[in-house]
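Morning, everyone. I have one structure to show, and I'll keep it brief. Here it is.

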Amino acid sequence: MVVTEQHDATRVGIGVLRAGGNAVDAAVAVGYALAVTDPCCGNIGGGGFMLIRTHDGRERFLDFRETAPRRATRTMYLDAGGDVRPGASTKGWLAVGVPGTVAGLETARREYGTMSRERLLAPAIALARDGFTLVAGDRVPIGGPRAQPGARYAQPLLAHTLELIARDGADAFYRGPIARAIVAASEANGGILTLDDLANYRIEERAPLHCAFHGYDIASAPPPSSGGVTLCEILNVIASYPLAAWGWHSARAVHYVTEAERRAYADRNAYLADPGFVRNPVAQLLSTQYAAALRAQIQPDRATPSAGVKPGLGAAWSEGADTTHFSIVDGSGNAVAVTYTINDDFGAGVMAGDTGFFLNDEMDDFTAKPGVPNLYGLVQGARNGIAPAKRPLSSMAPTIVTQHGMLRMVTGSPGGSRIITIVLETILNALVYGMSAQAAVDAPRTHMQWLPDALHYEPRALSPATSQELRAMGYPLRRVAQWGSAQAILVDPRTGALQGGSDRRVASGAAMGY
Ligand code: DON
């Protein structure tokens, strides 16, 4: 089964599985295909994380997160007065981190796949060269009549770039013509990328982050993503509450989940960063004692103002739409969860010469200045400050859930800082509230991230009576347009049957299986 945000890409994955490829082969082909059919989000100019669980229970986590260029500095987005220069970390070449996607997909294919690079890139190249037919929900960087459903959308320049990668592999991107095009465009437009930055890019293989919840084992993204740690910190706090008995999105359930989220995000923002640069207090944050201490702070009938919540170990936002997640399970039971991104809307909004793909603005995920909110309203600390070759802290959380050693769920979503609570709710919906995969990804959501101190909710997420109760408890409620796009697979514990759910918030997505 393959579940992605774009149906042509889903079909590419199914084609690879039918041709005998494994889930990693399918993931690599889907990764390249989404760079063509969902160019807002799918990418070769960004980075991300791939979590793999093989049918015999072995796990791999590939970190192909972008890195700061070597010439990056802690204060590079500040003006002479020490204030953040608006847009400097989100638009244009100075916002671009060294892309990791091609290195990540190539490593995955070489180490865990079975098919040739040419085979796995061929569908993406065909979709770029011959074009694909736009449907409602497709996100391509053109306005006007050409973007209408039914129109054909071809990207010959991108086709050529992908052909170079098919022929010469990651070298084409990191040492060859694509690297030269990126650096030339960067230098001509005020960027700081160098050929050395690209040649020195390395993916990292890391141990997945684990926690237990209601007899399930959760495997998710470790630092430099905050995704797994924050998800697990929330799950640890809420594990002892009878959420199912309280009812889905009842005032009581929303209250305790929100208070757990508030505290976990405060910790996230203060403590977590690239493990190559800071020591992340993961064991402390995920200890049972700490979860109990956080539970003890939660008042049964009152919201805690975020101003009163400090990182616990001691001391107007807009959602970009430029991440995407896909989930794949093959016939042998190998599972792959990938979330990758160029961060903001079409990344930094720049392409290098004739390469035909957008570069990321992942540098905005760093703390440009402690205390100043980033694109996602995250108020982050000094530990996530910019440094050469450092990876910016992410919220991406490709996640695989098992029970008694058996695969139960593969999930993830885009959504910036909200990714963590989207994945949380998707898991709770399926495993606590018994929803189908489709219902679990579609159900309306709530979100709290410490600052801003507001309980965000989607239309229909809270009944009028529940909203009233929550307001009476002191929650500033903020209704926000729909967010995220979860792509999940559930495995029936008795039959092993797979159930896919592609979030209806993005109409062009598709879950397909055979
Ligand atoms: O890594 C992160 O946490 C962000 N750059 C993800 C951005 C994202 O999900 C945008 N899509 N809505």
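Start with a pair of side chains: Arg65 and Glu362 meet in a salt bridge, 3.3 Å from N to O. Keep in mind that this is a predicted model.

Buried or exposed, this Arg65? Buried, with a relative accessible area of 0%. Glu362 is buried as well, at 1%.

Arg65 has another partner. Asp365 forms a salt bridge with Arg65, and here the closest N and O atoms are 2.7 Å apart. Asp365 counts as buried because its relative accessible area is 8%, and the cut-off is under 20%.

Now the ligand. How many residues surround the ligand? There are 18, and Glu362 and Asp365 are among the closest, along with Thr323, Ser395 and Gly416. Glu362 puts a polar side-chain atom 2.6 Å from a ligand nitrogen. Ser395 uses its backbone: an N or O atom there lies 2.6 Å from a ligand oxygen. Gly416 also brings a backbone N or O atom, 2.7 Å from an oxygen of the ligand. On its own, the ligand has 340 Å² of accessible area, and the protein covers 98% of that.

What is the shell made of, by class? Five nonpolar, eight polar and five charged residues. Strands S9 (322–329) and S10 (335–343) each supply at least two of the shell residues.

Back to salt bridges. The count comes to 25. One of them joins Asp130 and Arg129, at 3.4 Å from N to O. Asp130 is partly exposed, at 45% relative accessibility. Arg129 is partly exposed too, at 44%. Last, a network of salt bridges links Glu259, Arg262, Arg263 and Asp453.

Note on methods: Residues are numbered from 1 along each chain as its sequence is written. This is a predicted model: local features need pLDDT of at least 70, side-chain atom pairs count only at pLDDT 80 or more; totals for chains, interfaces and linings use all residues. Side-chain values use heavy atoms; hydrogens and water are left out. A residue is near a molecule or strand if one of its heavy atoms lies within 4 Å of it. A polar contact is a pair of N or O atoms within 3.5 Å; within protein, one must be able to donate a hydrogen and the other to accept it, and residues adjacent in sequence count only if both atoms are side-chain atoms. Accessible areas come from the Shrake-Rupley method with a 1.4 Å probe; for residues, only the protein chains shown count as cover. Helices (H or I, at least four residues) and strands (E, at least two) are DSSP runs, numbered from the N terminus. Ala, Val, Leu, Ile, Met, Phe, Trp, Tyr, Cys and Pro count as nonpolar, Asp, Glu, Lys and Arg as charged, and the others, Gly among them, as polar. A salt bridge is a side-chain nitrogen of Lys or Arg within 4 Å of a carboxyl oxygen of Asp or Glu. Buried means under 20% relative accessible area, exposed over 50%, partly exposed in between (1.4 Å probe, protein chains only).
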